[in-house]
Every structure is written in C-alpha cells, then in structure tokens.
Amino acid sequence: MRIDTDALIIGSGAAGLTAALAARSEGLETLIVEKTEKIGGTTAYSGGVMWIPNNHLMEQAGIEDSTLRAMDYLRSTVGNRVSEERLLSFVENAPKMLKKLTEEGYLEAEIFEGFPDYRAEVKGGVLGGRSVEPKVFSGRKLGEVFGSMRARKFSSPVVGTMTELRRLAVIKTNFLGALKSWKVFARAIFGKLFGSEYVSSGRALTAWLTFSAKKIGVGFKLNHRLIELIENDGAVVGARVENHEGVPIDIFARNGVVLACGGFEHNTAMRAKYLGNHAAVDRSSGSEGNEGDAITSAKAIGAALDLMEDAWWAPTFMVPDVGPQIVIFERGKPGQIVVDQRGNRFANEAQPYNDFVKAMFDSLVVDDEMTSCFMVFDQNFRDRYPLATMMPGITPEKHLKSGFVRRGNSVEELAKTIGIEPANLLSTVERFNVMAVSGKDEDFGRGDFAFDRFSGDEIAKPNSCLAPLNRAPFYAIEMFAGDLGTKGGLLTDKSARVINQEGKPIAGLYAVGNCSASAMGHFYPGAGGTIGPAMTFGFIAGMHVAKKHA
Ligand SMILES: Cc1cc2nc3c(=O)[nH]c(=O)nc-3n(C[C@H](O)[C@H](O)[C@H](O)COP(=O)(O)OP(=O)(O)OC[C@H]3O[C@@H](n4cnc5c(N)ncnc54)[C@H](O)[C@@H]3O)c2cc1C
C-alpha cells in the first residue's frame, strides 16, 4: 500500500506535534504517524513546562532577558559539547516558536511563576520567566479525540497548572498563599457539573497542540509504527510503516520526513549497550512506545549518533500499583533527608533532579552495582506535604503493609526496618538537625541556591529547605535512579537535519525531541529544558521542510 504527502512526521509528542503545526501552517499536506493507540508520548505524562529563554511573556511581565544573556548561560553550562550554531539556533528560534503558537491560538501559555533556571547563579542565568507552561485545557473541545489522548496511570484528582499545584503543595503551612489557587477548586466543581474534562500540564500541552493540529488539517494515523526509511539517490523520500495488523505501508513525503519518536528508554538492549547497568528500564517514566526506533532506522542509513550514554535522570519512587513516580520538589522541603545504605547523606537533596541522580551515580555504585538510597522524614514532614501520590497527613495502610513506606517510633527503630546501622542513621539525623536549626547545611549547602529555595517552604526559618527531623514516628521510602527518557540520539544541525557519519546533512531527513542528541548536551538548563528544545527544533524542522516548496 502507498500513501503520498508533503511532510511526514513520525511520533506525536511535543516535538512531532509542533513540527506538524509548523509544516501545515506553511501550507504543506502533513501527516503524523504514531506507533501506539494514544497521542502524546512522554509529553502527555510530563509537567508540560517549556524552557524558552527571552520569550515574549517575559517581556510582557517586565522580566529582562536577551539572546546574549541566554547564550552566556548555555555557554557556561552546556559548554562546547554542542556546536555554537546549534545553541544559537535554539536561543533565536525558541521565542519565535512560542510567539507563533500563541499568536495563532494554537497554544495558550503563561510563565511558571518564579521558577529560576536550574543554575540561576551562573553567568546568564535568570531567577524566573524562562519556564513557561500551558494553560488548562477543556478536553471536551477535542470531542471523541479526547479518548485517544495519552494519560498517566495515576492522575491526580486536582487539575491545575504547575504554578497552582506548587502553591497547593504547601497548603498546610501557607493557607493564604494556597488560596491564590482557588481556580483549581472552581474547575473541579465546574468540571463535574458540565463534564468539561479539564486537563493540565503535559496533558494540556498535547491537547492544545493536537486540537490545533486537527483544526488546521494535520492528518493522524495511530497504531502505525516506523519500520524503516525509504531512500532514493542518497535522500530520504519516505518511510515504511506498519499498521497494528502488521500490514506494511510506504508513505512518500515530497518535502521531508521528521523523526520525532522519542528516546530509547523502553528498549532494554539499547539501555544495556549505551547506559550500562546503573538504571533499570522499569524505573523509567518515559512513554512505553519509546524504543529507539528512529535511532535504529536512521543509523541503518548512515546517521551519526551522539550523547547516547546520557538520559534525563530523575530520582524515582516505585509506588505499588502505580509504577515509577519522580521525586522533584519534595527533596527541597524541610524535614527530610536522603541517605545511602549506610545511613549517610551524600548530596544536597534539594538540587535539580538530573544533578541529584548524577550524585547518586557518584556515590551509590558499590562493586559496579547501583544501590538505592532512602528518603527519611518525620511526622511533621508527612503532615505538611504531599508525597508520592499521598496527600499530606494521610499515609495509606496499604503502603505501610506493602513496605513501600517504612515507619519506626524512633530513628533507630526505623533504621532497623531498612537495614541501616541504627547508630549511624541516628548520628546523621542528629548532625542534620543541628545544621537545620542553625540554617546552614555545612555538608552540602542545601538551601544556598535559588532552585533549592524555590522547592522549599518559607515556613522554615532561617533556611526554607531545612527543618529538624524531630517528631516521631519516622518514615523512610526507598529511592532509585530513574529517568524521564533518554537524551542521546541522532546528531542534527542548526536546522534539525540529521547528519551522517561524514558530517553532511542527509537530504529529506530531520530529527527532533528525544530521538535527536539533545541540544542541551549533558546539561538540564531549567524547568522545561527537554520540551522547550523539542518544540523549538520541531518548529525549525517544520519550517525548513516547507522551504522545499519555495
Ligand atoms: C513525569 C514527567 C514529567 C516531565 N516534566 C517535564 C516538563 O515539565 N518539562 C520538560 O521539558 N520535560 C519534562 N519531562 C520530559 C519530557 O516529557 C520528554 O523529554 C519530552 O516530552 C519528549 O518529547 P518527544 O516529543 O521527544 O517524545 P514523546 O513525547 O515521548 O513522543 C514520542 C512519540 O513517538 C512515538 N513513537 C515511538 N516510536 C515510534 C515509531 N516507530 N513510529 C511511530 N511513532 C513512534 C511514541 O509512541 C510517542 O508517542 C517529563 C517527563 C516525565 C516522565
């Protein structure tokens, strides 16, 4: 069977949807093929936050930024791991992409209030404004397509933007602040009364983009999987896909093929080959369909790969019946520490999640085996903050019974339940408690950085990330090195074209999002640091594909 189109986009996450919107809005007949039965990929599981330096919402809010400043930040963090022209292409096009999507009404977005860059302290960093999030979307607008949108296994009953949810996370200690998120409650009531099916975060982002793509005539084929690329005279002219019955279909794309199929996080063999044995596949929060198909098929025609040994790492709890749950802001909250198997702290718990897992790799590998660590906290912490699908103060019996949450009436008793030498854990907690009261973490500097404090709770004085663990009972949850997806893949140029092993672009072939080697190198610049570049290079690819018409 044969199909012809102008632009063929493989994969329906943020990268693919943005590429499709750009190509279609330039007048191209555009088709998205998606391997699974659901639209959205990992993007749908995500916070939906986009890192867009120098964006127009910052300008409207009076927050200063510039191309130069963003380049300073990326030069001092990504360094020369990524070419200058690719970094510049990102920095120049990211604001254009966001402006285009919002001006066309394809997406409504706002600043994630007060979110600092992950290394706000280095040259070019900012204390807020670059992280942007989608506004809540009413799924009802999607009609029957809503049923085809990917959703997480565990979805919170609370629908709100990340800004709103962050305020609600401290409702027990800052009730008035939390009231600013009143719309969350209004939405819950309105949604129930009128069946609005509100969605937020990553689900909102994919819903906005899918709704807009459908509206302007992008075609979708779900349950269609890329098998291989079709070449003619050194150029890619299409792709062979297979439908769910295994029937092969050759799709010819007059203008180009954009690979947007996510990373290889669910391919056990590729993980073993490239990531080693330090992070298990079942601890990945990435979308099930992401098995490195784009990387395999483009490598087969000579594409170059880069950064294959890296991933978007995140410390992870394994919640029974739910699966991996990443642990983000909780590590900055006062009243908890993270210890290794001997009961010692080993890092600043509050640091950005990608960096925290790198610290886990540095500290927790014993005899070439990756070990786990434990978050240890007291009753005050449990009463105050939500944690791993649990509401503040409510620790379900099933979690205690399954051993997911361990509890002890004293620190020593808790230590025994997790196999740690009691005297050692006690001495760690006692030392931490002294530092918490003084407000200075002499060991790891927790609370010294803007991002730490953003995760903390102002109720804790003098350091918003520190409070002693002093109210029994005490708790522990085992924490593992997990990931949000991989970040290595096809090497691309400033126009998102795939580069071959001779360093030349492969005509007709583009790669964006997690199937391409990240333009952020080994760095994670700020909240939205994966989706921002994925959408930006999606936009660049979509526009570039369209140029073939000119
Ligand atoms: C809990 C969580 C929270 C996160 N929060 C954020 C955040 O707020 N901001 C941020 O920047 N990042 C966040 N991330 C990471 C981010 O979601 C991903 O890095 C990003 O969404 C990847 O986008 P993508 O378009 O490259 O891939 P995906 O969104 O994964 O889409 C890839 C699509 O391609 C499809 N596909 C795979 N193989 C084939 C094939 N052979 N043929 C056809 N289709 C195929 C897949 O099924 C999938 O639908 C988060 C991740 C998680 C898990």
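Two strands pair if DSSP finds at least two bridges between them. I note also that strands (E, at least two residues) and helices (H or I, at least four) are DSSP runs, numbered from the N terminus.

**Entry 1, ground rules.** I am working with a predicted model, in which local features need pLDDT of at least 70, side-chain atom pairs count only at pLDDT 80 or more, and totals for chains, interfaces and linings use all residues. Residues are numbered from 1 along each chain as its sequence is written.

I looked up an open sheet of three strands, which run in the order 3-5-4 with antiparallel pairing. Strand 3 (50-51) and strand 4 (109-111) are the edges, each pairing on one side only. I find three bridges between strand 4 and strand 5 (residues 131-134), in the antiparallel sense. Glu110 has Glu133 in strand 5 as its bridge partner.

I list 18 helices and 23 strands. The radius of gyration, taken over C-alpha atoms, is 23 Å, close to the 24 Å from the globule rule for 550 residues, so the protein is as compact as a globular protein of that length. The globule rule is 2.2 Å times the number of residues to the power 0.38. Along the principal axes, the C-alpha atoms fill a box of roughly 70 × 55 × 50 Å. Of the 550 residues, 55% are buried, where buried stands for 20 or more other C-beta atoms within 10 Å of the residue's own, with C-beta atoms placed from the backbone. I also looked at contacts (C-beta atoms, placed from the backbone, within 7 Å). Among those between residues at least 6 apart in sequence, 75% join residues at least 24 apart.

A nonpolar core is a set of buried Ala, Val, Leu, Ile, Met, Phe, Trp, Tyr and Cys residues joined through C-beta atoms within 7 Å. The largest one has 165 residues, and Ile10, Val258, Leu259, Leu490 and Val512 touch the most other members. Helix 18 supplies the largest share of this core, ten residues. I followed Leu490: leaving out residues up to four places away in sequence, its contacts include Leu259, Ala294, Ile295, Val498 and Cys515.

I count a residue as near if its C-beta atom, placed from the backbone, lies within 6 Å. There are 41 residues around the ligand, and Gly13, Gly41, Gly47, Gly289 and Gly513 come nearest. Elements giving two or more residues to this shell include helix 1 (14-25), helix 2 (41-45) and helix 18 (531-547). Helix 2 gives the most, four residues.

Definitions and conventions. Buried ≥ 20, exposed ≤ 12 C-beta atoms within 10 Å, placed from the backbone. Contact = placed C-beta atoms within 7 Å.
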